[in-house]
Amino acid sequence: GRVIFVPFTPFFLFYGDLLGIWGILLVVVVLAAAAFWLTRRSTRAYGADLWAYTAGYIAYLVAVFLPTQSLLRQLLPLSPLLGHPALSRTLRRRVITLASAIALQAVAIFALWVVYPP
């Protein structure tokens, strides 16, 4: 049938259909983590322009973007935040961040090719 687009609902609807209540909770947790990350003093130290761009871009994605396989591609403009001191201050943190990114590749491949194929 005809579906009317309602802002700020696509992620909740998509992940709610995919994972049920756990999908909705996942979206809430990710949004809370993004809000926490953006309100940290060390993130604000990047400057007002980068902070405002990041907050606005996240709000745009949540408001109007339909979650698809290209979500990871859409998140690439947020990559300057990966240089955050909380992730890269010490060698140990850099190794943990790199290991996490490598481990999550398997999750991404499984999710994009098995659970929700293109």
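**Exercise 1. Decide whether Phe8 is buried, partly exposed or exposed, and say where Phe8 lies and what marks its backbone.**

Solution. Phe8 has a relative accessible area of 48%, and since buried means under 20% and exposed over 50%, Phe8 is partly exposed. This value, like every other one here, is computed from a predicted model. As for its place, Phe8 belongs to the segment before α1. Turning to the backbone, we find that phi of Phe8 is near 70 degrees, which is a positive value in a residue other than glycine. The background to this step is that most residues other than glycine have a negative phi.

**Exercise 2. Describe the overall make-up of the protein: how many helices and strands are there, and what box do the C-alpha atoms fill?**

Solution. Begin with the count, which gives seven helices and zero strands; read along the sequence, the pattern is therefore written α-α-α-α-α-α-α. Next, take the extent along the principal axes, where the C-alpha atoms fill a box of roughly 50 × 30 × 25 Å. Finally, of the 118 residues in the protein, buried residues make up 19%.

**Exercise 3. Classify the ring pairs that Tyr15 forms with Phe11 and with Phe14.**

Solution. A pair of aromatic rings is described by the distance of the centres and the angle of the planes. Two rings pair if their centres lie within 6.5 Å, and planes under 30 degrees apart count as stacked, while planes over 60 degrees apart count as edge-to-face. By this rule the count comes to four aromatic pairs. For Phe11 and Tyr15, the ring centres are 6.3 Å apart and the planes stand at 15 degrees, so this pair is stacked. Both residues lie in helix α1, which covers residues 10–19, and they are four residues apart, about one turn of the helix. Phe11 is buried, with a relative accessible area of 11%, and Tyr15 is also buried, with a relative accessible area of 19%. For Phe14 and Tyr15, the ring centres are 4.9 Å apart and the planes stand at 85 degrees, so this pair is edge-to-face. Taken together, Phe11, Phe14 and Tyr15 form one aromatic cluster.

**Exercise 4. Compare the linings of the two largest pockets by the kinds of residue found in them.**

Solution. Start with the largest pocket, which has a volume of about 2000 Å³ and is lined by 41 residues, of which Val30, Leu71, Leu72, Leu75 and Leu104 lie nearest its centre. Helices α1, α2 (21–39), α4 (48–64), α5 (71–75) and α7 (91–115) each supply at least two residues of this lining, and α7 gives the most, with 11 residues. Sorted by kind, the lining divides into 34 nonpolar, six polar and one charged. Now turn to the second largest pocket, in which about 150 Å³ of space lies. Among the residues of its lining are Val3, Phe5, Pro10, Phe14 and Pro67.

**Exercise 5. Place Leu87 in the chain and find how far its C-alpha atom is from that of Leu98.**

Solution. Leu87 is in helix α6, residues 85–88, and Leu87 is partly exposed, with a relative accessible area of 23%. Along the chain, Leu87 and Leu98 are 11 residues apart, and their C-alpha atoms are separated by 9.6 Å.

Conventions: Residues numbered from 1 in each chain as written. Predicted model: local features only at pLDDT ≥ 70, side-chain atom pairs only at ≥ 80, totals over all residues. Heavy atoms only, no water. Phe/Tyr/Trp six-rings, centres within 6.5 Å; stacked < 30°, edge-to-face > 60°. Buried < 20%, exposed > 50% of the residue type's maximum accessible area, 1.4 Å probe, protein only. 1 Å grid on protein atoms, 1.4 Å probe; cavity = no way out; pocket = protein on both sides within 12 Å on 5 of 7 lines; lining within 4 Å. Points joined across faces, edges and corners; volume = space filled by probe spheres on them. Nonpolar A, V, L, I, M, F, W, Y, C, P; charged D, E, K, R; others polar.
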